[in-house]
Amino acid sequence: MSWKLQLAAFLVIVVSGLSACASRQNPAGATSGAAIAPDGSAAQQSSDEEVDSEERADRFEPFNQAMFTFNRKADDWVLHPVAAQWAYVMPQPARASVGRFFKNVGVIPRFANDLFQLQFEQGGTEVARFGINSTLGVAGLFDPADKWFGLKQEDNDFGLTLAKYGVGEGPYLVLPLLGPSTVRDAVGGVADGAMNPVNYTVSGAELYEAGAKAFAVMNTRSMNLDKFDEVERDTIDPYAAVQDAYLQHRRHEENRVRYGE
């Protein structure tokens, strides 16, 4: 149990630090990522230069650039070739079903964060979706909850929970093998992983979870084989393009959980 106590202490320290710097990142009470308010007014008041400056803040850039290069090499040498072979032997509909399966089994962190954010309606939707897709959808391989009942899934995580309660995103961070993140989202990822009940009920759960995540990533990569090629072809600076795309996506998600956009 000592590692769990250490993890809890680590999370408290880091989140406290992020909370302390939130006011510096957001003067005059503005929230991080609030460039787009529900009525669009904040976006009109902010200049393009201010938004760009905020998005490109990169305190760990030397480390991030090194990790970006490492991840691209790992993709070129391992992930892309394996994913391409998987796409060759497995039809696209079957790979889509595999992706739905992994989405279905990841219900607990989404449901928990719905509750943390007081989004009880969406939490109920998650429970209903899991019940329907685990039965009628054959363990989540299909999505009758959406197709037949109109129950939409919304991604959620502890990073968004922290954002809802005012914790700043912190510096941009590229994680080895995991890709783009921020300090807050990295902490949130650890918390989400701790919510997996398999970690507490199955012997050797860490190895099982690592294998399952690797397979899920490979399957997702097989659905987007040309993704990085398009980025490198269409942009002068792929690192900056990935950074901007990630931060804009996360800020859109923050607005969704804060304002219901």
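User: Is Tyr246 buried or exposed?

Analyst: This is a predicted model. In it, Tyr246 counts as buried, because its relative accessibility is 16% and the cut-off for buried is under 20%.

User: Which aromatic cluster does Tyr246 belong to?

Analyst: Tyr246 forms one aromatic cluster with Phe68, Tyr172 and Tyr239.

User: What about Tyr172, buried or exposed?

Analyst: Tyr172 counts as buried, at 2% relative accessibility.

User: How are the rings of Tyr172 and Tyr246 placed?

Analyst: Their centres lie 6.5 Å apart and their planes meet at 55 degrees, so the pair is tilted. The pair links distant parts of the chain: Tyr172 belongs to strand 1 (residues 172-175) and Tyr246 to helix 14 (residues 238-259), 74 residues apart.

User: Staying with strand 1, which way does it run relative to strand 2?

Analyst: The two strands run antiparallel, and four bridges join strand 1 to strand 2 (residues 179-182). Tyr172 takes part here as well, with Thr182 in strand 2 as its bridge partner.

User: How many residues lie between the two strands?

Analyst: Three residues lie between strand 1 and strand 2, which form a hairpin. In the turn, Leu177 has a positive phi of about 70 degrees.

User: Back to the rings. How many aromatic pairs are there in the whole structure?

Analyst: A search of the whole structure gives seven aromatic pairs. One of them is formed by Phe116 and Phe158, which are edge-to-face, with 6.1 Å from centre to centre and 85 degrees between the planes.

User: Where in the chain are those two?

Analyst: Phe116 is in helix 6 (residues 107-116) and Phe158 is in helix 9 (residues 158-164). They are 42 residues apart, and the pair links distant parts of the chain.

User: Why does Phe158 count as buried, and what is the relative accessible area of Phe116?

Analyst: Phe158 counts as buried because its relative accessibility is 19%, and buried means under 20%. Phe116 has a relative accessible area of 39% and is partly exposed.

User: Now the protein as a whole. What is its secondary structure?

Analyst: The protein has 14 helices and two strands. Of its 261 residues, 38% count as buried.

User: And what does the surface come to?

Analyst: The protein exposes about 14700 Å², of which carbon and sulfur atoms supply 64%.

User: Last one: what share of the contacts comes from residues 24 or more positions apart?

Analyst: Among contacts with a separation of 6 or more, such residues account for 71%.

Terms used
Residues are numbered from 1 along each chain as its sequence is written. This is a predicted model: local features need pLDDT of at least 70, side-chain atom pairs count only at pLDDT 80 or more; totals for chains, interfaces and linings use all residues. Side-chain values use heavy atoms; hydrogens and water are left out. Rings of Phe, Tyr and Trp (its six-membered ring) pair if their centres lie within 6.5 Å; planes under 30 degrees apart count as stacked, over 60 as edge-to-face and the rest as tilted. Buried means under 20% relative accessible area, exposed over 50%, partly exposed in between (1.4 Å probe, protein chains only). Contact means heavy atoms within 4.5 Å. Accessible areas come from the Shrake-Rupley method with a 1.4 Å probe; for residues, only the protein chains shown count as cover. Two strands pair if DSSP finds at least two bridges between them.
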